[in-house]
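Me: I am new to this structure. Please show it, then take my questions one by one.

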Amino acid sequence: MLDQFFSQISFVDIFNFCVFLTFTCCYTYQLYYVFVVLTRKPKERTAKKNHKFAVVVSARNEGAVIADLIHSIRVQNYPQELIDVFVIADNCTDGTADVAREAGAIVFPRTNDKEVGKGYALDYGFQVIREQYADRGYEAYFVFDADNVLDVNYFREMNKTFDSGAKASTSYRNSKNYDSNWISAGYAVWFLREAKFLNQARLTLNTSCAVSGTGFFIAADIIEKHGGWKWHLLTEDIEFSANSILEGVRISYTPTAILYDEQPITFRDSWNQRFRWAKGFYQVFWHYGARLVKGVATNPKGARFACYDMLMTIAPGMLLTIVSVVFNGIIVFLGLTGAMSTGVMVASSLSSIFFCLMNYVVFMFMFGVLTTFVEWDSIRSTTGKKVLYMFTFPVFMITYIPIALVALVKKCNWKPIRHSISVDVAELSLDASQAQSKSRRTM
């Protein structure tokens, strides 16, 4: 019986089984994350004192939205004398600098066509702050994107995390424009899933989180240690996260600090942004992958799993899907053209392609449904659109496959995305307050 079974197994079957087994072994722990979030809640924090913070914003032609961000900072339920706002007007050709100054920010104009990108702009901003404002005694720096808007309790909640001893922390990332279309909704669900089912689980399990572009703070002594912001890959946020974990710095998460972000609404903008992300993840994996593998075995006890988790975050897992689909596609092509005589492997390859893609779609659909229902009250949209976008989320995610493939071979230059959506800060804060109240009643 066994001899007959093994005689029917082809190298295609073995290859596909190995891919499936690799995925299962590497990422099953994230299902445990879901269980942790659904059965446990993170401890509530309190702060003994209010700390002094500086906000650093890199903005390029963001005159249409940056005033909303600064206004949302200026109406915080936190002492205003403890918050200074700095804006790096980076290679701007519009009125971003003037709008930011009028809104109450300190502005550093920057023109540099050689060192282009958010990382370089942040480094410039930190350099000027450390040189000209060192006497103000900032204890931590917050980093936001110009299109963000903050809930009125954002700084109060993040201060609790900093006061508890955290050297860095990310926050709950919601969306300003979830219901614009299926693209913006796809982004929103992805970031809600990241906040709820990745970072909240990591917080509860006392391992390290990862910052995601915006909405985080870094302790001033970390910036001093590195001499500024020294992470300049295309995904400088993930590079910072990987480097911090390797150095034993635990990145925390503050689920009660709510930030609203604007997402792209055209497929072209979405392609360009996710293409940069995919390329940046490859860069981080190339620069930090081997060290993270080593850290899994050699980092101090208690910090090893964080290395593994970060390795799985930056590892090109999407490539396994691409490789599987391409490999099986080649087998099908060879069989249909007569270059391969047997039809068994062709049939196996066709079924494997279908199985691989359907598994991915079903997995993403399940996560989209779970995230939407768990975060239902936090999503600013109608019931109909929430239900509709649960079904379009897998479509949004599957478009990542060609993006990741192109990112392997095509050069990427840093390009900003123009933002324009203005929102009512008071309305967002009211929505956030109501959502938190309902969430506490259901726990």
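Reply: A salt bridge is a side-chain nitrogen of Lys or Arg within 4 Å of a carboxyl oxygen of Asp or Glu. The model is predicted.

Me: Which residue forms a salt bridge with Asp309, and is Asp309 buried or exposed?

Reply: The partner of Asp309 is Arg202, at 2.7 Å from N to O. Asp309 lies in helix 12 and Arg202 in helix 8, 107 residues apart. Buried means under 20% relative accessible area. Asp309 has 1%, so Asp309 is buried.

Me: Where in the chain are Asp261 and Arg173?

Reply: These two residues form a salt bridge, with the closest N and O atoms 2.4 Å apart. Asp261 is buried at 3% relative accessible area, and Arg173 is buried at 9%. They sit 88 residues apart: Asp261 in strand 8, Arg173 in strand 6.

Me: How many bridges pair strand 6 with strand 8?

Reply: Strand 6 covers residues 168-175, and strand 8 covers residues 251-261. Ser169 stands opposite Ser252 in strand 8. The two strands pair in the parallel sense, over eight bridges.

Me: Which strands are the edge strands of the sheet?

Reply: The open sheet has eight strands in the order 3-2-1-4-7-6-8-5. An edge strand pairs on one side only. That picks out strand 3 and strand 5.

Me: Is Lys225 buried or exposed?

Reply: Lys225 forms a salt bridge with Glu247, 3.5 Å between the closest N and O atoms. Glu247 is partly exposed at 34%. The cut-off for exposed is over 50%. Lys225 has 58%, so Lys225 is exposed.

How values were computed. Residues numbered from 1 in each chain as written. Predicted model: local features only at pLDDT ≥ 70, side-chain atom pairs only at ≥ 80, totals over all residues. Heavy atoms only, no water. Pairing = 2+ DSSP bridges. Helix = DSSP H or I, 4+ residues; strand = E, 2+ residues; numbered from the N terminus. Buried < 20%, exposed > 50% of the residue type's maximum accessible area, 1.4 Å probe, protein only.
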